[in-house]
Amino acid sequence: AGLCVVITAVGMGLPVRALRLLTRVAARPLLLGLGVGVVAFAAGLASELLWSPLATSTFHVTTAVLGAVGVHDLFVDLPTRQLGLRGFLVEVKGICSGAQGLGLTTVFIGAYLVRFRRELRFPRSFLLFPVGLLAAYFVNVLRIAALMLIGAYVSEEVAFGGFHSKAGWVLNVGLALALLLWVRRSHFFKRDEEVVDVREDGDNPTLAYLAPILTSTALAMLTGLVVASFDSLYPVRVVGAGLALFLVRRGLASTSSTPAGVSASREPGAVAVPVAVGVGVLVVWLFLARHASPEDVAAFRATLAGMSPAARWGWIASRAIGAVLMAVIEEIAFRGFLLRRLVSAEFWTVEYRSAAGRLLPVVASSLAFGALHEGAIVAATLAGVAYAASTAFRGRLSDAIVAHAVTNGLLVVYAMGFGHWEWLI
């Protein structure tokens, strides 16, 4: 019955003629994405077979690395694969072997070679596989070694609360970016006519729309390494994202497809419609988004209470400012860029009203927006649809920004005014 509902809903939104056209346009990228996804899933399953031997190898190499940096009072128990230092004990389990990182690196390099095969030299480009896999292996070794040192000499809470779960993300993303930069500027891997000096690329409209949200995401990953349960460094993310937005402001203005017209204040519903959308999304969010656990709320309250008044109100102020700033940044990325990029590679030429009137770009960009919000995927996806619809009202991105800012701003007011701090965690 559920399948029938989906099929009939698609049939209502997309007539048969539209499906035929969509198949011709989207079949190749959809099949390519499906193929990469299946390979990635299979690689993840296959990597489990390597957990035990890799974990033992990782254990030995990590021990050697710690010894090389001068750690001589290390407790080593090979049968249980346990490492101890100054009372801080770590067990190198199969899941810590780095197999997932090896699988992801394999799929990443493979997809890159397929996508840019016309620009690369073969067979020498296949050397990226052993180089990337070896680098991914040692990245995981360094992660465990750093975890030991942080837990023993800095803080066990930071080691287990932040670094342990996020260091792998940061290091693997850094490795992927390093490989891309190396290949991009290498005459060994790329054909001579395809080698690009990244300092002379010229204008990059995509950078203007994605730099703020990528900066915020990168700072969240980096600050997450050194904080435990309470994100005391949240103001750093606000300052960094705000600075990135300031630096790309001219690029945003030069690529805007917003039509000129009468001032917003004179247009019917210019303010009322996006504000109403923002309030409506807030109501949906309060009903559908997942609440934080009572334990997390209690720990959050205790941490705030333990801060000095200046630090406490400074953090709260940064949280309020960040909520509105993130509304701007996310709308620029998901409605300003992604919604229109799904219509055309030259997205800056696409009118917002035209993009917001197409079902596939709206649904796809909203699903991507929802995936960004852990614990609130359904609510965020519906919010993405609502914000996209608000751009169709006058064909302006500013309406989506206002609607999103209203939602986030009122959520902060609700959390502080009624003591529902779980919405700020």
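**Close-up 1. Thr381, a buried residue of helix α15****.** With a relative accessibility of 14%, Thr381 counts as buried in this predicted model, because buried here means under 20% relative accessible area. Its place is in helix α15, which covers residues 377-394. Leaving aside residues up to four places away in sequence, Thr381 touches Ser366, Leu367 and Gly370, so these are the residues to look for around the side chain if contact is taken as heavy atoms within 4.5 Å.

**Close-up 2. Leu382 and the nonpolar surface patch****.** Let us stay with helix α15, where Leu382 also lies. Is Leu382 buried, exposed or partly exposed? At a relative accessible area of 44%, Leu382 is partly exposed, because this value falls between the limits of 20% and 50%. Which of them brings the largest share? That is α10, with five residues.

**Close-up 3. Arg115 and the positive surface patch****.** Here we turn to charged residues. Arg115 counts as exposed, with a relative accessibility of 54%, because the cut-off for exposed is over 50%.

Technical notes: Residues are numbered from 1 along each chain as its sequence is written. This is a predicted model: local features need pLDDT of at least 70, side-chain atom pairs count only at pLDDT 80 or more; totals for chains, interfaces and linings use all residues. Side-chain values use heavy atoms; hydrogens and water are left out. Helices (H or I, at least four residues) and strands (E, at least two) are DSSP runs, numbered from the N terminus. Buried means under 20% relative accessible area, exposed over 50%, partly exposed in between (1.4 Å probe, protein chains only). Patches are made of residues with over 30% relative accessible area and no salt bridge: like charges are joined within 9 Å, nonpolar side chains (Val, Leu, Ile, Met, Phe, Trp, Tyr) within 5 Å. Accessible areas come from the Shrake-Rupley method with a 1.4 Å probe; for residues, only the protein chains shown count as cover. A salt bridge is a side-chain nitrogen of Lys or Arg within 4 Å of a carboxyl oxygen of Asp or Glu. Lys and Arg count as positive and Asp and Glu as negative; His and the chain ends are not counted. The place of a charge is taken as NZ of Lys, CZ of Arg, CG of Asp or CD of Glu.
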